[in-house]
There are 8 protein chains.
Amino acid sequence: MSKQLKDVLNRLSRHEISVAQAADQLADQTFSDLDFAKIDLERHQRTGYPEVIYGQGKSIEQIVQIMRDLKQAGQTILVTRVSKHQATGILKQFPNATYHATGRCLTDVSQTPPLTSSTIAILTAGTTDIPVAEEAAVTAELYGNRVDRIYDVGVAGLQRLLANIEVVRKAKVVIVIAGMEGALVSVVGGLVNKPVIAVPTSVGYGTSFKGVTALLTMLNSCAAGVTVVNIDNGFGAAYSASMINHLGGKNGD
Amino acid sequence: MSKQLKDVLNRLSRHEISVAQAADQLADQTFSDLDFAKIDLERHQRTGYPEVIYGQGKSIEQIVQIMRDLKQAGQTILVTRVSKHQATGILKQFPNATYHATGRCLTDVSQTPPLTSSTIAILTAGTTDIPVAEEAAVTAELYGNRVDRIYDVGVAGLQRLLANIEVVRKAKVVIVIAGMEGALVSVVGGLVNKPVIAVPTSVGYGTSFKGVTALLTMLNSCAAGVTVVNIDNGFGAAYSASMINHLGGKNGD
Amino acid sequence: MSKQLKDVLNRLSRHEISVAQAADQLADQTFSDLDFAKIDLERHQRTGYPEVIYGQGKSIEQIVQIMRDLKQAGQTILVTRVSKHQATGILKQFPNATYHATGRCLTDVSQTPPLTSSTIAILTAGTTDIPVAEEAAVTAELYGNRVDRIYDVGVAGLQRLLANIEVVRKAKVVIVIAGMEGALVSVVGGLVNKPVIAVPTSVGYGTSFKGVTALLTMLNSCAAGVTVVNIDNGFGAAYSASMINHLGGKNGD
Amino acid sequence: MSKQLKDVLNRLSRHEISVAQAADQLADQTFSDLDFAKIDLERHQRTGYPEVIYGQGKSIEQIVQIMRDLKQAGQTILVTRVSKHQATGILKQFPNATYHATGRCLTDVSQTPPLTSSTIAILTAGTTDIPVAEEAAVTAELYGNRVDRIYDVGVAGLQRLLANIEVVRKAKVVIVIAGMEGALVSVVGGLVNKPVIAVPTSVGYGTSFKGVTALLTMLNSCAAGVTVVNIDNGFGAAYSASMINHLGGKNGD
Amino acid sequence: MSKQLKDVLNRLSRHEISVAQAADQLADQTFSDLDFAKIDLERHQRTGYPEVIYGQGKSIEQIVQIMRDLKQAGQTILVTRVSKHQATGILKQFPNATYHATGRCLTDVSQTPPLTSSTIAILTAGTTDIPVAEEAAVTAELYGNRVDRIYDVGVAGLQRLLANIEVVRKAKVVIVIAGMEGALVSVVGGLVNKPVIAVPTSVGYGTSFKGVTALLTMLNSCAAGVTVVNIDNGFGAAYSASMINHLGGKNGD
Amino acid sequence: MSKQLKDVLNRLSRHEISVAQAADQLADQTFSDLDFAKIDLERHQRTGYPEVIYGQGKSIEQIVQIMRDLKQAGQTILVTRVSKHQATGILKQFPNATYHATGRCLTDVSQTPPLTSSTIAILTAGTTDIPVAEEAAVTAELYGNRVDRIYDVGVAGLQRLLANIEVVRKAKVVIVIAGMEGALVSVVGGLVNKPVIAVPTSVGYGTSFKGVTALLTMLNSCAAGVTVVNIDNGFGAAYSASMINHLGGKNGD
Amino acid sequence: MSKQLKDVLNRLSRHEISVAQAADQLADQTFSDLDFAKIDLERHQRTGYPEVIYGQGKSIEQIVQIMRDLKQAGQTILVTRVSKHQATGILKQFPNATYHATGRCLTDVSQTPPLTSSTIAILTAGTTDIPVAEEAAVTAELYGNRVDRIYDVGVAGLQRLLANIEVVRKAKVVIVIAGMEGALVSVVGGLVNKPVIAVPTSVGYGTSFKGVTALLTMLNSCAAGVTVVNIDNGFGAAYSASMINHLGGKNGD
Amino acid sequence: MSKQLKDVLNRLSRHEISVAQAADQLADQTFSDLDFAKIDLERHQRTGYPEVIYGQGKSIEQIVQIMRDLKQAGQTILVTRVSKHQATGILKQFPNATYHATGRCLTDVSQTPPLTSSTIAILTAGTTDIPVAEEAAVTAELYGNRVDRIYDVGVAGLQRLLANIEVVRKAKVVIVIAGMEGALVSVVGGLVNKPVIAVPTSVGYGTSFKGVTALLTMLNSCAAGVTVVNIDNGFGAAYSASMINHLGGKNGD
C-alpha cells in the first residue's frame with residue numbers, strides 16, 4: 001500500500017476528511033490536463049527525474065504549452081528529438097533554454113542537481129553515431145551524472161578502443177552506441193565488468209535495416225552484462241544508466 | 001594500461017625476466033585449452049563472476065570435461081539450458097551438484113558468496129514464464145543476491161500486480177519476464193523508479209512469433225528506465241541485475 | 001434469399017415483368033459507373049451507413065465527382081485521409097462540407113441521424129495518437145454515436161487512466177488507440193467487460209516499425225474481449241464500434 | 001471510483017473497520033495464490049464470464065489444481081488448447097467434465113446460463129479450419145449464445161456461401177475463420193451489415209506462413225465492420241462475439 | 001447472367017415452377033454437404049477439371065468419405081499431399097486407385113481424357129525438387145496433357161540445360177521448379193518465348209528460408225513471360241499450365 | 001541445336017566461311033553495345049515481342065539513346081515506368097511517340113500488329129489500382145490484343161463484379177489487379193475457368209506493406225488456375241497474358 | 001570461344017566430322033544422366049575441383065548411385081551434410097570411404113592433391129560452431145590446402161583470440177565461423193590484411209533467428225576485406241578459400 | 001606477438017626507454033584524434049591500403065578535416081558515397097582531387113601504385129547497377145588493379161554474357177553486380193573457376209525489397225566459389241577483390 005493511500009485512509013479514519021474528499025483525493029489528478037496531453041507535474045518528486053517531452057510529431061505550440069505547465073510546476077525540462085526548426089520556435093518563448101544541436105535536445109534547467117562522483121562512459125563505434133551519443137550525454141548530464149565521451153572506437157580498429165579502455169573500465173556504467181554490425185558492444189562487454197547498456201543506431205545502409213542488424217547483434221551479444229534499448233534511443237539508455245549510477249549500497253527505498 | 005601489463009614491463013625493466021619471457025607472459029593463456037573449448041579459468045578473479053557453461057548443443061561429455069577444468073581451478077560452476085537427460089548424466093560425475101529442474105540449470109558451488117541486503121524482484125506475467133524466471137532466480141541467488149519472486153501478475157488482472165507492488169518497489173533492481181504481448185513491463189516501469197530489466201519469453205502462439213512480439217513491446221516501452229535482453233535469456237537478465245545490485249556508492253574500480 | 005430477389009421472382013411469376021426484365025433487374029446496377037469508379041448508391045439503404053470515400057491517392061477531381069454522385073443520391077458523405085490541400089480544393093465545390101483537420105476527414109451531412117443514448121469511449125495512449133482518434137471520433141459521431149474522448153492516458157502513468165476509468169466503464173464499446181508498445185489495450189481490457197477495439201498507430205521510431213509492434217502487442221493481448229483493426233484505421237474501428245453501439249436486444253434482421 | 005473502494009471508505013468512515021483493515025481490504029486478494037498461479041476467483045462476478053485456463057504448456061497437475069480452486073469457488077470452467085493426453089488426465093479427476101475433441105476444449109459447467117435469442121454465426125473457409133471454429137463454438141455456447149455453424153464455404157466456390165447467406169445475415173454477430181488467403185472475410189463483410197470478427201488460422205503451406213497471410217488479408221479487408229483476433233484464437237473471437245451478442249439496447253453498466 | 005439462372009427464370013415465367021421452387025432452385029446446392037465439407041459435385045461439368053482434395057491435415061476417414069461422394073458423382077479424383085500412411089489407408093477402400101509416391105498424389109480415374117498434341121515441359125534445377133515436379137506431372141497427365149520431364153538442369157552447370165533446350169522450346173507452356181536461389185527460371189525465360197510458370201520449392205537451408213528466396217527470385221525475374229505460384233505448389237502450376245495447353249485459337253466460351 | 005548454329009555449321013562445312021568467321025558469327029552480337037547498355041536488336045524477330053525499356057532510374061538521355069538504336073532497327077518501342085518529366089523530355093526527341101499518362105508508359109509504334117479475336121479481361125479491385133491496370137492494358141494492346149477493362153469491382157461490393165461477370169467469362173485470359181487484401185482474385189478464380197494472372201499493387205496503408213499482403217493473398221489463393229507476378233508489374237502480367245492469348249491450338253514451334 | 005568449340009569447328013572445317021556429328025558433339029553431354037540426376041563427370045578436369053554431392057534430402061541409394069558414376073570416372077568424391085545413418089549405409093558400399101562425423105562429410109579420395117605451402121586459418125567463436133568449421137576444414141584439406149584450426153576464440157574473451165593472432169596473420173586466407181552475434185569477424189577483419197570469408201552459423205536461440213543475426217552482422221562488418229557465405233555453409237567458404245589459396249601471381253588462365 | 005610490441009619490449013629491456021615510456025608507446029595512438037573521429041594514419045603502412053572515408057551522413061566540413069589529416073600523413077584518399085553537393089564543397093578545398101560522378105567517389109592520389117598484370121572483371125546485370133559497379137571499379141583501380149568492365153549482361157539475354165565470357169574467364173577474380181533477382185551470379189559462377197564476389201544492388205521495385213532479394217539469391221547460389229557483400233557495397237567487393245588479385249604464390253607475410 002502506498003504512503004499516499006495510507007495517509008488518506010488515516011485522515012478519513014480520524015474524520016479529518018469526508019468519504020467524498022477521500023475518494024477525491026485518491027483519484028486526485030497529479031497531472032495537468034491540456035486536452036491534448038496529460039502532464040505529470042509530480043514526476044520529479046515521485047521519481048527524482050524531470051518530465052521529458054518527446055518532441056517529434058508535436059507542434060511548436062504543443063511543446064511550448066507543455067513546457068509552460070512544467071515550468072509553472074518548477075520542473076527542469078528536457079525535450080528530445082527537437083529539430084532545428086522546432087528549437088528556433090521554442091527558444092523565442094523560452095530564451096533561457098539551451099538547444100543542443102548535435103544531440104537534438106532542448107533543456108531548461110530550473111535547479112542543477114548535485115554531480116555524481118562516479119562516471120558514465122559513453123562510447124560510439126563511428127562518427128555518425130554521435131547524435132545519439134549526445135542525446136544520451138545531454139540527458140545524463142542533466143540528471144547530474146559525470147560523463148566520459150569516447151567516440152569513434154569501432155572494433156575494426158581495435159587499437160582505438162584499447163587506447164581508451166582504462167577510462168571505460170573506471171566508469172560505473174557504460175553506454176555503447178553503434179550502428180552497422182554493432183560488434184563493439186561484445187568487445188566492450190568482454191573487457192569490463194560493469195553494466196553495459198547498448199544502443200543500436202539507424203546508421204548504415206543495405207542490410208543494416210535502419211538499425212535492426214545492430215539491435216540483433218546486441219541482443220545476441222555473447223558478453224554477459226549487456227542490456228539493450230530501442231534503436232537510436234540515447235535518452236532511454238542515459239535514463240537507465242543514470243538510475244544505476246545513482247544507486248548507492250543501501251536498500252531500495 | 002592493465003595492472004598485469006605494468007607488472008610484466010616492470011619486471012622486464014628490472015631484468016627479472018627476459019624479453020622472450022615478457023612476450024610469453026603477455027600472451028599467457030589465462031584459459032585452459034580443451035581442443036574444442038578454451039575455458040576461462042580466471043574469470044571469477046577478473047570479473048567476480050563464475051564461468052558459465054551454456055549447456056544446449058553440448059554433449060554430456062563436453063560439459064563434464066569443462067566442469068572438471070573449472071572445478072580444478074576452484075570455481076563455482078553454473079550450467080544453463082540443461083535438459084533432464086543431460087542433468088542425469090552430469091550428476092553421475094558430480095553428485096554434489098544440484099539440478100534446478102524448473103529453471104533448467106545445474107549448479108556446483110565451491111564457495112557461497114555473501115548475501116546482499118538489497119533485493120532483486122523477479123516478476124512474471126504468466127505461469128508459463130516461470131522456467132525463464134527460475135533461470136534468472138537461480139543465477140541471481142548463486143551470485144549472492146536476495147531474490148523476491150512475484151509470479152503470474154500479468155496486466156489483464158491489474159489487481160494481482162497492485163497487491164504485490166510494495167515488494168517490487170523496495171527492490172534495488174527489477175526483472176520483468178513476459179511472453180505474448182509483454183505489456184507488464186510498461187506498467188511496472190511506470191510504477192517503480194528503479195532499473196527494470198525486461199526478458200521477453202517465447203511463450204504464446206500465432207503472432208507471438210516465439211517471443212518477438214514481447215521483445216518489440218519491451219523495446220518500445222513508453223516507461224523510461226527499461227532495458228531488454230534476448231528472448232528467454234533469464235541468465236543474462238540476472239547477470240546484469242546482479243551487477244547493478246552489487247554496485248555501491250563508490251566509484252568504479 | 002434476399003428481399004430484392006423475392007420481389008423480382010414474384011413480379012415475374014405474376015407476369016408483371018418479362019424474363020429479360022427479371023434478368024436485367026437481378027443484374028441491376030445499384031451503383032453509378034464513373035469509368036474509374038463504381039459508386040454504391042444504395043449503401044445507406046442497404047447497410048444503414050453512408051458510403052465512405054478513401055481520399056488518399058485520389059485526385060481532387062475524382063473525389064469531387066464521386067461526391068456529386070452520392071450527393072445526388074441524397075447520401076451523407078464521409079471522406080477519410082484528406083490532406084489540407086485536397087480539402088481546400090473540395091470545399092470550393094462543396095462549401096457546406098466540413099473539414100476536420102486533426103482527423104483528416106471531410107463530411108457533408110444530408111440528414112443528421114438520431115443520437116445513441118449509450119456511448120463509445122475513445123482512448124489514446126499519447127498525444128501523437130490523436131489524429132487517428134479524431135478520425136474515429138468524427139466517423140462515430142457522423143453515424144449518430146455519443147463519443148467520450150479520453151486522450152493521453154498511456155500505461156507508463158497509470159494514474160492518468162485510473163482517474164478516467166469510470167467514464168470508460170460506462171461506455172458500451174471502447175476504442176483504444178496506441179502506438180509504440182500498445183500496452184494500454186491490455187490494461188483497459190482487464191478493467192472493463194465491454195468489447196474493446198484496438199487501433200495500432202504508426203507513431204514511434206526504431207523498432208516500432210510504423211505500428212507493427214503495437215499491432216502485434218494488441219493481437220497478443222492477454223485480455224479477452226479485444227479485437228484489432230489495421231494500423232491507423234480509426235475509421236474502421238469507429239465503423240465496427242458504431243455497429244455494436246447500435247445493436248439492440250432484438251434479433252438481427 | 002469503484003463501488004468496492006467506496007464501500008471500504010464508507011465502512012472506514014463509520015469506524016466499522018480500522019485503517020489497517022481498510023488497507024487490507026483494498027489490497028484484498030480476489031484471487032487464490034497457488035505459488036505458480038494467481039487465480040481470479042471473482043471473475044465471473046466481475047465480468048459475467050467464467051475464468052478461462054489456457055492449457056497449452058501447463059502440466060496436468062497444474063490444470064487440475066487450478067480447476068479445483070475454481071470449482072470450490074463455484075465457477076464454470078473452460079480449459080482451451082487441451083491435448084487428448086491432457087484431457088485424459090484431467091477427466092480422471094473431473095469425471096463430470098466434458099472434452100470437446102475437435103475444438104480441443106474441456107468444460108465443466110456449474111450452472112447453465114440462459115440462452116440468447118439472437119445468434120452468432122460461425123463460418124469457416126475450409127474443413128481444416130474446423131478445430132478453431134469448434135473452439136469458438138464451444139466457448140460461445142458455454143457463455144449462453146445460440147450458434148449457427150456454416151463450415152467449408154470458402155470463396156473459390158461462391159455458391160456454397162450464397163446458399164447459406166440468409167443464416168449468416170440473421171445473426172447478430174458473425175465470426176469468419178479462414179487460413180490460406182483468408183478472402184472469405186471480405187466477401188462476408190460486404191454481404192452483411194453486422195459486426196464481423198475474423199480469425200486467421202495457421203492452415204496452409206508455403207507462403208501462408210502459419211496464418212500470417214490470412215491475418216494480413218483480414219486486417220486489410222476492404223469491407224468495413226471487420227475486426228481481427230490472433231491466429232487460431234477461436235476462443236478470443238467467441239469471447240468478443242458473446243459480449244456483443246449479449247449487449248442490449250440499454251447503456252453500459 | 002448464367003444459363004442456370006436463365007433456365008429457372010424461364011420455367012418460372014412459364015409457370016412450370018412456383019416462386020418458392022424458383023427460390024429453392026436458385027439456392028440449390030450443387031455440392032454435397034458432409035457436415036465437415038461441402039463437396040463440389042459439378043466441378044468437372046462446370047470447369048472441365050475434376051475436384052481436387054488437398055490431403056494434408058485431413059484424416060483418412062475424411063478423405064475416404066469425400067472420395068466416395070465424388071465417385072458416386074462419377075468424377076475422376078485427384079488427392080494431393082498424401083503421405084504414405086494416408087495412401088495405405090485409402091487404397092484399402094479404393095483398391096483401383098493409384099498412389100504416386102514421389103509426387104505424393106493419389107489418383108482414381110473414372111474416364112481418361114483425350115491427350116493433347118502439344119506438350120508441357122517440366123524442368124527442375126536439382127534432384128530434390130523432383131517431388132514437386134512429380135506432383136505437377138501427375139496432375140498435368142491426369143488432365144490429359146503430354147508432359148516432358150527435364151530434371152536436374154540447374155544453371156550452375158549451364159551445359160545440362162542447353163543440351164535439353166530444344167525439348168523445352170517445342171513445349172506450349174513451361175513449368176520451372178527450383179529451390180535455393182531459383183535462378184533457372186530467368187535463364188529459361190530468356191531462352192524460350194512461351195509462358196513460363198515458376199514453382200519455388202522449400203528445398204535448401206539457411207537463407208533459402210524454406211522457399212521464400214526462390215519465390216522472390218522468381219517474382220523479380222528479369223525475363224518477361226514468367227508467372228509464379230506458391231512454394232511447392234506443383235499442382236497449381238500444372239493446373240494453370242493445363243488450362244493454357246488446352247487453349248485453342250477460338251474465343252473463350 | 002538452334003537454326004542459327006546449324007546454318008553456321010553448314011556454311012562452314014561447305015567452306016563458304018572460314019573457321020574464324022564461323023567462330024565470329026557464333027559469338028556475333030545480336031545486340032547494340034552502348035557502353036552503358038547492350039540492346040537486343042533482334043528481340044522482335046526472336047520472340048515476336050518488341051524490346052521494352054524499363055524507364056525508372058534511367059536518365060532521359062539514356063532512354064533517348066536506346067530508343068534511337070531500336071528505332072534504327074525498325075522496332076516498335078515500349079517504355080514503362082516513365083514519369084511525366086521523363087516523358088516531356090523524350091517527346092521532344094520523338095514527337096510521334098505517345099505518352100499514356102495514367103499507365104506511365106510511352107509507346108512508339110513502327111508497325112501495328114494484327115488484333116486478336118479473343119480478349120484479355122483486366123479487372124481492378126479499386127480505383128487506385130488503375131495506373132497498374134493501364135500499364136497492363138497499354139502493353140496488351142501494343143502487342144495486338146483486344147482488351148476489356150473492368151475497373152473498381154472489389155469483393156466488398158460483390159454485385160459490382162457479378163454485374164460484369166459475363167464479360168470476364170468470355171475472355172481467354174484474365175488479369176486481376178488488387179492492392180490491400182487482394183481477395184478479388186480468389187473470387188474471380190472461382191467464377192471463371194480460364195488462366196488468371198494476379199497483380200498485387202502497392203496501394204494501401206499500414207499492414208498492406210506496399211503490396212506484400214496482396215501478393216501473399218494471391219499466392220495462397222484457394223482458387224486453382226491463378227499465377228502471380230511482382231507487385232505493380234502490370235507490364236509482366238500483360239506480357240504473359242498476351243503470350244497465352246496468342247496461343248493457337250497447334251504445337252509449339 | 002571455348003577450346004572445345006574451336007576444336008569441333010576445326011574438325012568440321014577439315015571434313016573430319018559431318019555437320020550432324022559437329023552438332024552432336026557441341027551438344028555432347030559431359031554429364032551422366034541418371035534420370036533423377038545429371039552428374040558432371042568432367043568437373044574435376046574443367047574446374048580442378050571434384051564434384052560435390054549435397055547429401056541432405058537424398059536417399060542412401062541415390063547417393064550411392066551418384067558415387068558409383070563419379071568413381072567410374074575416376075573422380076575424388078566429397079559428400080556433405082551426411083547423417084550418421086546415411087554414412088553407415090554408404091560405407092557398406094564404399095568401405096574405403098571416410099566419414100568425418102563432426103563435419104558430417106564423407107570423402108572418397110582417388111588421388112591426393114599436392115599440399116599448398118600457404119595456409120587457410122579457420123576460426124570459430126564458440127564450440128558449437130565446430131561442426132561447420134570441420135565441414136570447411138575437411139573440404140579445404142581434400143582440395144590440398146594446409147589448414148590451421150583455431151576454435152572457440154569469441155570476442156567476449158578477447159585474450160583467447162590475441163593469443164592466437166599470429167597464426168591467423170600468417171594465413172593466406174581466413175575463414176571466420178560464428179553464430180549468435182557474429183562479432184568475431186569484424187575484430188579479425190581489423191587485425192589481418194588478408195581476405196576474410198565469414199560463415200554465419202545457426203547456433204543460438206531467440207533473436208539469433210537460426211543464423212540470420214550473425215549473417216547480418218557479417219554483411220555489415222565495418223572491417224573491409226570481408227565477404228560472406230550462406231548460413232552454415234562451411235563447404236562454400238572452404239571452396240572459395242581454396243580457390244584463393246591456390247592463386248599464384250600469374251594471370252588467370 | 002606483433003613486431004611493434006617486440007620492439008618496445010626490446011628497447012625497454014635495453015633500458016633505451018623507461019617503463020612509463022614503454023607503456024606510453026604501447027598505448028601510442030597511431031591515429032589522429034579529431035574529437036568527432038579517430039583517424040588511422042598508419043593504415044596504408046599497416047594494411048597496404050589507403051584509409052577510406054564513408055561520406056554519407058558526414059558534413060563537408062567533417063570530410064575536409066579528415067582529408068587534411070590524411071593528406072598531412074601523405075596518404076592517398078578515397079571518399080565513397082559522396083553526393084554531387086558534397087563533392088563541390090570538397091573540391092573547393094582539394095582542387096586536385098577527382099570526383100567520379102557515376103560511382104559517387106572522390107579520390108586524391110598521393111602516389112600511384114604499380115599496376116597488376118592480372119585483372120579484375122566487373123560485371124553488371126543491368127544499366128541501373130552501373131553506379132555500384134563504378135564504385136567498385138574506381139576503388140579497384142585506385143588500389144592498382146587492372147579492371148575489365150562488362151556491363152548489362154543479365155541472364156535474360158544469355159547471348160550478351162556468352163559474347164563476353166572469355167574476358168571474364170581470364171580475370172583472376174570476378175565481381176558480379178546485380179539487383180532484382182540476382183541470377184547472373186549463379187550463371188557466371190558456373191562458367192568460371194575463379195573466386196566470384198557478388199554484390200546485390202538496391203535496384204528494382206516491389207518484392208526486390210531494395211536489394212534483399214538479390215542478396216538472398218546470391219547467398220543461395222548453387223554455384224560454388226561465390227561469396228557475397230552488403231547491398232550496394234561496391235567498395236567492399238573491390239577491396240576484397242584487390243586483396244585476392246594481389247596475392248602471389250608465396251606464404252602470407
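Modeller: Quick note before we start: domain bounds here come from an automatic or database domain assignment. This is a predicted model, where local features need pLDDT of at least 70, side-chain atom pairs count only at pLDDT 80 or more, and totals for chains, interfaces and linings use all residues. Residues are numbered from 1 along each chain as its sequence is written, and chains are lettered from A in the order in which they are written.

Colleague: OK, which domains does chain A get?

Modeller: Domain 1 covers 29-108 and domain 2 covers 119-245.

Colleague: And how many Å separate their centres?

Modeller: 26 Å, taken over C-alpha atoms.

Colleague: How many residues are in contact across the two?

Modeller: 16 residues of domain 1 of chain A touch 15 residues of domain 2 of chain A, with contact meaning heavy atoms within 4.5 Å.

Colleague: What area do they bury?

Modeller: About 1200 Å² between them, 69% of it on carbon and sulfur atoms. That's the accessible area (1.4 Å probe) the two parts lose on being put together, summed over both.

Colleague: Which residues of domain 1 lose the most?

Modeller: A:Tyr49, A:Arg81 and A:Thr102, together 41% of what that side of chain A buries.

Colleague: Switching topic: which residues meet between α10(D) and α10(F)?

Modeller: D:Thr213, D:Leu216 and D:Thr217 meet F:Thr213, F:Leu216 and F:Thr217.

Colleague: At what angle do the axes cross?

Modeller: Roughly 120°, and the axes come within 9 Å.

Key. Side-chain values use heavy atoms; hydrogens and water are left out. Axes are lines fitted to C-alpha atoms, for helices over the stretch in contact, and angles run from 0 to 180 degrees between N-to-C directions. Helices (H or I, at least four residues) and strands (E, at least two) are DSSP runs, numbered from the N terminus.
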